[in-house]
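The following pages examine a structure from its overall dimensions down to individual residues. Please keep the sequence and the coordinates at hand while reading.

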Amino acid sequence: MITGTDLRDRLEHDIKTDRYVLNMGPQHPATHGVFRVVLTLDGEVIVNAEAVCGYLHRGIEKLAEARTYTQVIPYTDRMDYLAAMLNNLGYVQTLEKMMGVEVPERAEYIRVICAELTRIASHLISVGTYSIEIGGITGFFYCLRDREKILDLIEMISGSRMTVSYMRVGGVSEDLPAEFLPQVKKLMKELPAAFDEYDGLITGNEIFQARTKFVGVLNPETAINYSASGPMLRASGVNWDLRKARPYSVYDRFDFEVPLGRNGDCFDRFRMRILEMRQSVRIIEQALEGLPEGPFMGKAPKVIKPPVGEMYHEIEGARGILGYYLVSDGSPKPYRMHVRRPSFINLGLLSELCRGWKLADVVAILGSVDIVLGEVDC
Amino acid sequence: MGDRIFIEFGNYLSGLLALAGAPLLLNQVILMIVKIVGALLFILLNLMFIIWLERRLAGWFQARVGPNRVGPKGLLQALADVGKLISKEIIIPGAVDKVIFLLAPVLIFVPSLVLFAVVPFGRGMIPVDLNLGIFFFFAIGSLSIVVFFMGGWASANKYSLIGSMRAVAQMVSYEIPMVLSVLGVVMITGSLKMSSVIASQTQVWNIFTQPVAFLIYFAASVAEVNRTPFDVVEGESEIVAGPMTEYGGMAFAMWYMAEYTNVILVSAFAVTLFLGGWLAPFGWTFLPSWVWFVLKLYLLIFLHMWVRWTYPRIRVDQLMSFGWKVLVPLSLANVFVTGFGMYVFRGIGW
């Protein structure tokens with residue numbers, strides 16, 4: 001008679017199984033663009049996952065060296081193209097810090113409003129695509145529906161939906177249009193209901209939870225060691241949000257919470273984004289309340305020429321800590337620009353997180369990291 | 001009123017042939033061909049409609065419009081799609097096993113088409129009323145898995161292979177609860193014949209006596225036709241399109257249409273087994289029996305679509321454990337309870 005142990009022995013020793021390599025990407029539907037993972041699989045179980053990026057590399061950091069400081073702003077739009085305002089913000093703040101430019105109060109508030117609107121738009125894409133990755137296509141369309149409203153607002157203020165190039169050293173390029181304020185107030189009233197809808201359709205779904213809970217668990221130590229940031233880090237329970245920890249702009253004036261996860265699994269990372277959107281709505285409402293009158297542009301020189309030296313400044317982007325490092329040689333063009341791109345650094349955890357999980361979980365884990373390839377490859 | 005319209009037509013045709021002096025055998029063969037063409041027409045017309053319906057419903061569920069340009073309300077969208085797909089080249093990658101690769105999308109239709117032979121479309125409108133109708137359904141139905149594996153294996157693509165491996169694993173863990181769930185119905189009916197299954201439901205539909213069995217059957221049938229939440233075989237976010245990955249043009253459309261044919265099929269069987277087939281509810285016989293059949297069929301198809309556009313996809317190992325650890329014990333318990341109930345009811349002479 002064959003007992004269970006015998007059978008297992010046979011399966012493990014007598015039946016020879018081979019590992020195989022599966023090339024996922026760069027034109028795979030679930031890699032958020034052009035990204036490649038070389039998977040070594042044992043059946044459906046991941047033995048090793050090797051991330052290969054660079055298919056969208058455009059050399060923005062190098063291109064910046066041949067442009068004036070102002071001309072670099074449109075390039076920052078194209079890094080994390082889902083959150084262009086935040087990229088603008090990080091860049092111009094670095095320059096302002098370098099040159100000691102004062103930003104008027106109204107401009108700071110406008111910047112906060114824009115940044116948080118963009119954060120919501122970016123998280124909406126993240127939440128929506130995550131729903132697709134788990135297999136529920138419907139959730140994606142609900143997120144897009146609401147993101148469209150935000151993009152309309154952003155288009156209203158900057159003239160462009162995604163590549164906004166709205167911020168300038170010393171302020172913003174245009175004042176808010178008159179019809180903007182009532183519309184944004186109306187949207188802020190609507191959004192919490194929409195978030196509840198996502199919670200009902202996606203977060204609350206039994207299958208969704210079965211797919212994501214305790215999958216790809218990232219413990220706080222590993223997260224810190226890998227220098228993860230943003231929702232990814234906070235999902236593991238590490239309370240580190242630059243808006244609170246090291247407030248820049250006027251973030252210290254607003255009352256909001258930093259949502260934290262418990263388990264550091266895919267579900268928590270997903271949930272972080274919905275919770276953060278709710279907080280962003282709170283921030284925008286407060287910023288609209290306190291929006292002062294005044295100039296939208298400070299006293300900045302016509303030609304941006306920072307003093308010789310270097311500067312590193314970081315802000316809380318939609319995907320994590322977005323840092324700009326600029327070296328100036330006194331000329332109107334940056335001598336060197338380097339960007340700390342949160343997607344790229346968070347992506348480093350991929351193979352660590354995937355190991356031992358199933359093929360379908362790779363997609364779930366990759367989605368929960370929430371990368372934008374424009375930013376990863378820069 | 002219009003209840004016997006198709007049967008009258010058959011009789012009329014048969015009489016016409018007899019009048020023309022055709023021998024009995026030829027008469028029967030021609031009648032059978034007419035029946036087959038009728039069933040085919042039913043399938044194709046419904047396919048067209050269902051593909052349109054699915055896309056419109058998906059649009060409705062997803063806060064968008066859906067196709068509405070081709071024909072009235074976009075009804076001819078499926079025709080336009082087919083026209084486009086036919087005009088496309090079927091790309092055959094270099095490494096594939098050509099014969100099997102091209103055979104698979106043709107064969108995938110065979111089990112589904114054959115199974116329509118035992119579907120009772122209306123009163124006396126069953127193409128072939130086999131004594132083993134239900135058995136025939138399961139026996140032929142599970143053959144389609146061989147075709148899935150053919151397609152996946154011949155494609156020489158790892159995604160396809162993983163997809164077809166999953167298809168096989170899924171089939172094993174879903175056919176069993178499906179068969180066991182229907183066992184309850186068979187116990188009550190005492191026959192595997194489609195017509196007697198319907199006849200036994202004149203008093204009360206099986207869905208009321210066998211609600212658990214219906215739920216198991218429905219879950220298993222969603223898995224059978226590879227639709228969300230059990231579409232691990234296609235799993236477009238991880239394995240691109242499973243066995244269909246390498247197919248293009250009309251070859252892909254065949255897989256696609258076979259999926260929808262299967263949706264009609266499993267729904268038709270659910271209608272027959274659990275919803276009283278063509279029987280009119282509450283004695284509302286003002287509508288012909290075949291209209292009732294189609295109405296019930298579309299109720300179930302709508303349910304399939306509703307589920308598909310609401311739920312995310314389950315992972316393959318979770319699907320296995322759901323099949324083996326939840327559905328199989330549940331369906332066994334259902335068989336036991338049914339048997340016990342029948343014994344008790346017989347004891348009190350009901």
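This is a predicted model: local features need pLDDT of at least 70, side-chain atom pairs count only at pLDDT 80 or more; totals for chains, interfaces and linings use all residues.

Residues are numbered from 1 along each chain as its sequence is written, and chains are lettered from A and ligands numbered from 1 in the order in which they are written.

Chain A contains 16 helices and eight strands; helices (H or I, at least four residues) and strands (E, at least two) are DSSP runs, numbered from the N terminus. Its C-alpha trace spans about 90 × 45 × 35 Å along the principal axes. The radius of gyration of chain A is 22 Å, which agrees with the value near 21 Å that a compact globule of 378 residues would have. This radius is taken over C-alpha atoms, and the globule rule is 2.2 Å times the number of residues to the power 0.38. Of the 378 residues in chain A, 51% are buried. A residue is called buried if 20 or more other C-beta atoms, placed from the backbone, lie within 10 Å of its own, exposed if 12 or fewer do, and partly exposed in between. Among contacts in chain A between residues at least 6 apart in sequence, 71% join residues at least 24 apart; two residues are in contact if their C-beta atoms, placed from the backbone, lie within 7 Å.

Chain B has 15 helices and zero strands. Its C-alpha atoms fill a box of roughly 65 × 60 × 45 Å, taken along the principal axes. For 350 residues, a compact globule would have a radius of gyration near 20 Å, and the 21 Å of chain B agrees with this. Buried residues make up 43% of the 350 residues in chain B. Residues 24 or more positions apart account for 76% of the contacts in chain B with a separation of 6 or more.

The strands of chain A may be considered next. One open sheet of three strands has the order β1-β2-β3 (chain A), with antiparallel pairing; two strands pair if DSSP finds at least two bridges between them. Its edge strands are β1 (20–24) and β3 (45–52) of chain A, each of which pairs on one side only. Neighbouring strands of this sheet are turned by 20° against each other on average, direction ignored. The axes are lines fitted to C-alpha atoms, for helices over the stretch in contact, and angles run from 0 to 180 degrees between N-to-C directions. β1(A) pairs with β2 (residues 36–42) of chain A over five bridges in the antiparallel sense, and Val21(A) has Thr40(A) in β2(A) as its bridge partner.

Another open sheet of three strands in chain A has the order β6-β7-β8, likewise with antiparallel pairing. Its edges are β6 (309–316) and β8 of chain A, each pairing on one side only. β6(A) and β7(A) pair in the antiparallel sense over eight bridges, and the bridge partner of Ile315(A) in β7(A) is Leu322(A). Helix α4 (residues 84–99) of chain A packs on the sheet, touching β6 and β7 of chain A, and its direction makes about 145° with that of β6(A). On the other pairing, β7 (residues 321–328) and β8 (residues 334–340) of chain A are joined in the antiparallel sense by six bridges, with Tyr325(A) facing His338(A) in β8(A) as bridge partner. Leaving aside neighbours within four places in sequence, Glu116(A) is in contact with Ser280(A), Ile283(A) and Ile284(A). Glu116(A) and Val281(A) are 165 residues apart in sequence, yet 7.6 Å apart in space, C-alpha to C-alpha.

In chain B, helix α13 (residues 249–274) has 26 residues and reaches 38 Å from its first C-alpha to its last, close to the expected 38 Å at 1.5 Å a residue; the expected span is 1.5 Å times one less than the number of residues. Helix α13(B) is largely enclosed by the rest of the structure, because 21 of its 26 residues are buried. After α13(B) comes Gly276(B), whose phi is positive, near 75°.

Finally, the two chains meet in a contact that takes 23 residues from chain B and 25 residues from chain A. On the side of chain B that touches chain A, α8 (158–189), α12 (236–239) and α15 (316–347) of chain B each supply at least two residues. By class, this side of chain B has ten nonpolar, six polar and seven charged residues. Ala, Val, Leu, Ile, Met, Phe, Trp, Tyr, Cys and Pro count as nonpolar, Asp, Glu, Lys and Arg as charged, and the others, Gly among them, as polar.
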